[in-house]
Every structure is written in C-alpha cells, then in structure tokens.
Amino acid sequence: VFPSLAQAQASVANEVYQELGQPPVFLFCPTEYCSSLCSPSPSQSCYLQTIGQELLPGIGVIWTGPKVVSQELSALLLEEVEAVLRRRPVIWDNLYANDYDCRRVFLGPYMGRAPGLMSRLHGLLLNPNCELQANFIPIHTLGTWFRSELGSCAHPDHAGMEAVAALGDSQDVQGGSYSPQEALELALRDWVAEINQQALEPGR
C-alpha cells in the first residue's frame, strides 16, 4: 500500500494523532532515532526527509543524539536534525540508562550538553538508572542544568520567567552558566541531607 516504511509510519501516526483529537503531547520515535542509525547522515536520510515532510507538525519526534547513548549533544547536530524533521526534536536522553548493562550504575552529574541547548529542543526525556535510589544525582543535576538554561535564555518568555521564579532563589544558577562540578556538589549536599532525614524516621 505504501511506497516506503517512512510513509507507512507517518500515515499511521497521523491517523492515530487525529483520532485522539490532536493531543498537545504526542510523540513519535522514528526507526532512525540517532545519527549512527541514519544513512548516510541525518540531513541526507531519505527516511528522515519523508518523516519530516509527511508527519503532521503537532507530532513531536524523538531523537537520542549522535548515538543511542550520547556522551555529547551539540547545537550543530540539533540544527541539522531540526532542518530535516521540520521541527525541533524531543531528546530522549540515555546518558544514565543502564538497562543494557545492569552491572553499571551512573552517578555523575548531568553533562556533555552544549550551553543554550534548550532553545533548540521541543522537550527532553531522561532515561534513568533502573535502580530508583541511584537517580538522585542525575535528576537533581538535570534540574540545575534546566535552571541554568532558563537563566541563559536571551529573551525568555513570560512563562519561562514564571518557571524561574517558581524554582526559587537558585544559588546554582549563576548568570546562566552551568558547572557540572558545582551541580554535583549541590546534589551531594541535598542527598546527604535526605539520607540523614530518612535515617531519623521510625523503623529505619
């Protein structure tokens, strides 16, 4: 029925999206969801070009970066992806994912993401460690990164400013700059306080 896999996927996704009343959040994960899966590159991929052309504009497209687990995300790559998809991507960040090797646990700060990245994204999802308690530092430092991104927006909208205010007096946002080391120290301070609080609870 369809001349290509991309056209089949886009057609089905569009139908489901419309049948559900075009919800504000509707995500599509393409078969080529990172640069290493694209042939020969994201900008020259016939598959992604078709997805960008055929998929309705209200549908968000998931992207993991250069690889499935990307150590770095650059603004240049996101520009290329945005151009071919005709929309800003939703990053599915596998930086902390350990479901492919449960002997490893990732406890470092959120890092390797270029400054000013948030303005090039439609959204960001963090795929955490499988172990719940191991995600305190990843999620805490992601929050610090997010605050710094809001603070560094050259022309933040009203909603962005409200979000900054709602986050309180963030001492971890200094002029919109993000330091992974400082973010790690803040997370460790709060994690130790959380552990001490739990230790005082009855039955612990």
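**Close-up 1. Tyr110 and Trp145 form an edge-to-face pair.** Tyr110 is buried, and so is Trp145. The model shown here is predicted. The ring centres of Tyr110 and Trp145 lie 5.4 Å apart. Their planes meet at 65 degrees, so the pair counts as edge-to-face. Tyr110 sits in the loop between β3 and β4 (123-126). Trp145 belongs to helix α4 (residues 136-152). The pair therefore ties together parts that are 35 residues apart in sequence.

**Close-up 2. Tyr17 and Phe26 form a tilted pair.** The structure holds three aromatic pairs. In one of them, the rings of Tyr17 and Phe26 have centres 5.2 Å apart. Their planes stand at 55 degrees, so this pair is tilted. Tyr17 is buried, at a relative accessible area of 6%. Phe26 is buried too, at 14%.

Close-up 3. A disulfide needs the two sulfur atoms within 2.5 Å. Cys38 is buried, with 7% relative accessibility.

Close-up 4. Cys102 is exposed, with a relative accessible area of 52%. Across the whole structure, the search finds zero disulfides.

**Close-up 5. A cis peptide bond joins Ser39 and Pro40.** Most peptide bonds are trans. Here omega is about -5 degrees. Pro40 lies in a loop, with β1 (27-28) on one side and α2 (46-54) on the other.

**Close-up 6. Gln22 has a positive phi.** Most residues other than glycine have a negative phi. The phi of Gln22 is near 50 degrees. Gln22 is found in the loop that runs between α1 (5-19) and β1. Its relative accessible area is 46%, so Gln22 counts as partly exposed.

**Close-up 7. Arg86 has a positive phi.** The value for Arg86 is near 60 degrees, in a residue other than glycine. Arg86 is placed in the loop between α3 (75-85) and β3 (90-93). Is Arg86 buried or exposed? At 57% relative accessibility, Arg86 is exposed.

Terms used: Residues are numbered from 1 along each chain as its sequence is written. This is a predicted model: local features need pLDDT of at least 70, side-chain atom pairs count only at pLDDT 80 or more; totals for chains, interfaces and linings use all residues. Side-chain values use heavy atoms; hydrogens and water are left out. Buried means under 20% relative accessible area, exposed over 50%, partly exposed in between (1.4 Å probe, protein chains only). Helices (H or I, at least four residues) and strands (E, at least two) are DSSP runs, numbered from the N terminus. Rings of Phe, Tyr and Trp (its six-membered ring) pair if their centres lie within 6.5 Å; planes under 30 degrees apart count as stacked, over 60 as edge-to-face and the rest as tilted.
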